[in-house]
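Subject: Structure handover

Hi,

Here is the structure for you to look over. My notes follow below it.

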Amino acid sequence: MNVHDSERLSGLLEDAGYVKAGQDGDPDLVVFNTCAVRENADNKLYGNLGQLAPVKSRHKGMQIAVGGCLAQKDRDTIVQKAPWVDVVFGTHNIGHLPALLERAAVEKKAQVEILESLETFPSTLPTRRESAYAAWVAISVGCNNTCTFCIVPALRGKEEDRRPGDVLAEIEALVDEGVIEVTLLGQNVNAYGSDLGDREAFSKLLRAAGQIEGLERIRFTSPHPRDFTDDVIAAMAETPTVMHQLHMPLQSGSDRILKAMRRSYRQERFLGIIRKVREAMPDAAISTDIIVGFPGETEEDFEETMHVVREARFTNAFTFQYSKRPGTPAAEMEEQVPKAVVQARYDRLIALQEEISWEENKKQVGRTLEILVAEGEGKKDDKTDRLSGRAPDNRLVHFTKPAEPVRPGDMVTVEITYAAPHHLLAEGPVLSVRRTRAGDAWEKRQAKPAAKPAGVMLGLPGIGAPASLPLAAPAGGCCGD
Ligand code: SF4
């Protein structure tokens, strides 16, 4: 959600006449889009701001803006601690950034504007998509749950659903521009509809998106086990363009700890969902988030988590050692687990999950898969003369570069020959190449970099392409950040 917000910030600023700054020289504007779910988010922010103070003093007219969850939380504190910041804006008013920057320049004083609730659904704002072939589409923002470790409800507010017609219109517009893969986004994506009074709204939305001609891959993140109903499983299984990939946050396998976390499902329900998903889609790749060392977690509780991991056989898991997030109920709980105990449990969990990930990946060897060629996914591609992309279930595949030109957004068919715990290799020749509209769109972008009337140079911290989900799992183990 945060990455997609950054795309919106880029779009807004480009519309206002800013252009992306190059690597050399000092930018005229730096925007921090902060995430309070991350561990040490505040230390990192103030460290970065400290480094920028001398840059700003030598670069006349430079502006610094801080937005996102941490800005929503810290508000005035930011300009108290770093008085050289020009604008502080929250999660509900990102559309105001250009106006706030202007006001700060005219009034020569910091502008702090935090709204308590959303004014406009953020996807109606201009967006500068980082990828030509894959896009995020927000269907809801906020969350009605109150997980005790999570800061999201406090900072993103109650769930607000976007109307299905607006979501589908945005997807159609993206497909017209060449996008062939979309990821539907929500803090609690499958609760979609609670705001619209329709409990099956999410499965209906999946089916309706599946009707959009030209759209080849639909994903979503992140669902909550509580709201994961049978109609969603049926829609996934019966809609050919909905990929058989599911990121389902477990957080803990212990019923006692789930209760303390205020997560309303229990181990039996979680494993029941996994069973049903596998019955309907035997090839489904299921990943998860797990928190180790939540306050009060005993060895028995941890063993329950290990049990679920053995049973569920996740393709991969984003594992986190619990750490306090100020402002959350869990941060006040007694019985915080000693660091050494958490570390030892964490190491055991990682070892088990690595073994399972590798075993599950080995089952892919010998399979023929269609890969969506990605940009920037294979760090060693140049050295190894390979390209990289994503299988339908989102596994990362590195494959031999074919003789004919292949562009990000094109599709290739390959046979998997080797499995590592976190990627697959196709070492033989590419079996076929399918040039796509997405590849054309990518090529067009390369030929014509967006030219805008140069006004102000924009320095926006780098943001990634949305092809690799789950992109970056939350340090606090939150569902959908
Ligand atoms: S962890 Fe997920 S479901 Fe729980 S409060 Fe945070 S965003 Fe909502």
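UniProt places the feature "domain: MTTase N-terminal" at residues 1–106, in an unreviewed entry. UniProt positions are given in the numbering used here, feature names are shortened, and annotations may be inferred rather than shown by experiment. The span 1–106 is 51% helix and 17% strand. Its end C-alpha atoms lie 32 Å apart. Helices (H or I, at least four residues) and strands (E, at least two) are DSSP runs, numbered from the N terminus.

Two points on conventions. Residues are numbered from 1 along each chain as its sequence is written. The model is predicted: local features need pLDDT of at least 70, side-chain atom pairs count only at pLDDT 80 or more, and totals for chains, interfaces and linings use all residues.

**The second annotation**

UniProt, again in an unreviewed entry, places "domain: TRAM" at residues 362–430. That stretch is 7% helix and 38% strand. The end C-alpha atoms of residues 362–430 are 20 Å apart.

**Whole chain**

The chain holds 15 helices and 21 strands. Its C-alpha trace spans about 60 × 60 × 45 Å along the principal axes. A compact globule of 481 residues would have a radius of gyration near 23 Å, and the chain has 23 Å, which agrees. That radius is taken over C-alpha atoms; the globule rule is 2.2 Å times the number of residues to the power 0.38.

Of the 481 residues, 47% are buried. A residue is buried if 20 or more other C-beta atoms lie within 10 Å of its own, exposed if 12 or fewer, and partly exposed in between; C-beta atoms are placed from the backbone.

Take the contacts with a separation of 6 or more: 76% of them join residues 24 or more positions apart. Two residues are in contact if their C-beta atoms, placed from the backbone, lie within 7 Å.

**Domains**

The chain is divided into domain 1 (2–119 + 450–459), domain 2 (122–362) and domain 3 (368–444). These bounds come from an automatic or database domain assignment. The C-alpha centres of domain 2 and domain 3 lie 26 Å apart. At their interface, 20 residues of domain 2 are in contact with 18 residues of domain 3. On the domain 2 side, helix H13 (residues 339–362) supplies the largest share, 5 residues. That side divides into 7 nonpolar, 7 polar and 6 charged residues. Here Ala, Val, Leu, Ile, Met, Phe, Trp, Tyr, Cys and Pro count as nonpolar, Asp, Glu, Lys and Arg as charged, and the others, Gly among them, as polar.

**Helix H1**

H1 covers residues 2–15. At 1.5 Å a residue, its 14 residues should span 20 Å; the end C-alpha atoms are 20 Å apart, which agrees. The expected span is 1.5 Å times one less than the number of residues. H1 is largely enclosed by the rest of the structure, because 10 of its 14 residues are buried. Among them are Asp5, Glu7, Arg8, Leu9 and Leu12. Gly17 follows H1 and has a positive phi, near 100°.

**Backbone points to check**

Most residues other than glycine have a negative phi, and most peptide bonds are trans.

- Thr221 to Ser222: the peptide bond is cis, with omega near -10°. Ser222 lies in the loop between strand S10 (217–221) and helix H9 (230–238).
- Lys108: phi is positive, near 55°. Lys108 lies in the loop between helix H5 (97–107) and strand S5 (111–113). It counts as exposed, with 7 C-beta neighbours inside 10 Å.
- Arg262: phi is positive, near 60°. Its loop runs between helix H10 (255–260) and helix H11 (267–280). Arg262 counts as partly exposed, with 14 C-beta neighbours inside 10 Å.

**Two pairs across the sequence**

Glu39 sits in the loop between strand S2 (29–34) and helix H2 (41–58). It is partly exposed, with 14 other C-beta atoms within 10 Å. Glu39 and Ser323 are 284 residues apart in sequence, but 7.4 Å apart in space, C-alpha to C-alpha.

Glu299 lies in helix H12 (residues 299–312). It counts as exposed, with 8 C-beta neighbours inside 10 Å. Glu299 and Arg345 are 46 residues apart in sequence and 8.5 Å apart in space, C-alpha to C-alpha.

Best wishes
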